[in-house]
Amino acid sequence: EQFVEKEKKYVWTSKKSDMEGQHLRLWMTDCDAILTRFVEQGETFCENEKLTESEIKAWGYNPKMFDKEEV
């Protein structure tokens, strides 16, 4: 039998903040598109914000620009 390791999911939050101290966070829409939204530092996350590195790369985002939190 072959075992395929599932890719880990993370919550991706931008390393930089805006002037109000908010950070961009990636999330998946119901239409399987990845968008951004502003969040406060330490804000909790929802199920739509759990994404793999492959998913965000497929939408053209650079993982190096984000902090990732394992979930």
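Q: How much of the protein chain is buried?
A: Buried residues make up 28% of its 71 residues. Buried means under 20% relative accessible area, exposed means over 50%, and partly exposed is in between, with a 1.4 Å probe and protein chains only.

Q: Before we go on, what kind of model is this?
A: It's a predicted model, where local features need pLDDT of at least 70, side-chain atom pairs count only at pLDDT 80 or more, and totals for chains, interfaces and linings use all residues. Residues are numbered from 1 along each chain as its sequence is written, and side-chain values use heavy atoms, leaving out hydrogens and water.

Q: Thanks! Which pattern does the protein chain follow along the sequence?
A: Read that way, the pattern is β-β-β-β-α-β, with one helix and five strands. Helices (H or I, at least four residues) and strands (E, at least two) are DSSP runs, numbered from the N terminus.

Q: And what box do the C-alpha atoms fill?
A: Roughly 55 × 25 × 20 Å, taken along the principal axes.

Q: Switching to rings: how many aromatic pairs turn up in the whole structure?
A: Two. Rings of Phe, Tyr and Trp (its six-membered ring) pair if their centres lie within 6.5 Å; planes under 30 degrees apart count as stacked, over 60 as edge-to-face and the rest as tilted.

Q: What's the geometry for Tyr10 and Trp12?
A: That pair is edge-to-face, at 5.7 Å centre to centre with 70° between the planes. Tyr10 is buried at 14% relative accessible area, and Trp12 is buried at 1%.

Q: What about the rings of Tyr61 and Phe66?
A: Their centres are 6.2 Å apart and their planes are at 80°, so this pair is edge-to-face. Tyr61 is partly exposed at 25% relative accessibility, whereas Phe66 is buried at 10%.

Q: Back to Tyr10: which residue lies over the face of that ring?
A: Lys68 does, at 4.5 Å from the ring centre. A charge sits over a ring if NZ of Lys or CZ of Arg is within 6 Å of the ring centre and within 35 degrees of the ring normal.

Q: Where does Lys68 lie?
A: In strand S5, residues 66-70. Lys68 is partly exposed, with a relative accessible area of 44%.

Q: What does Lys68 touch?
A: Leaving aside residues up to four places away in sequence, Lys68 touches Tyr10, Val11, Trp12 and Glu53. Contact here means heavy atoms within 4.5 Å.

Q: How far is the Lys68 C-alpha from that of Arg25?
A: They're separated by 10.0 Å, and the two residues are 43 residues apart along the chain.
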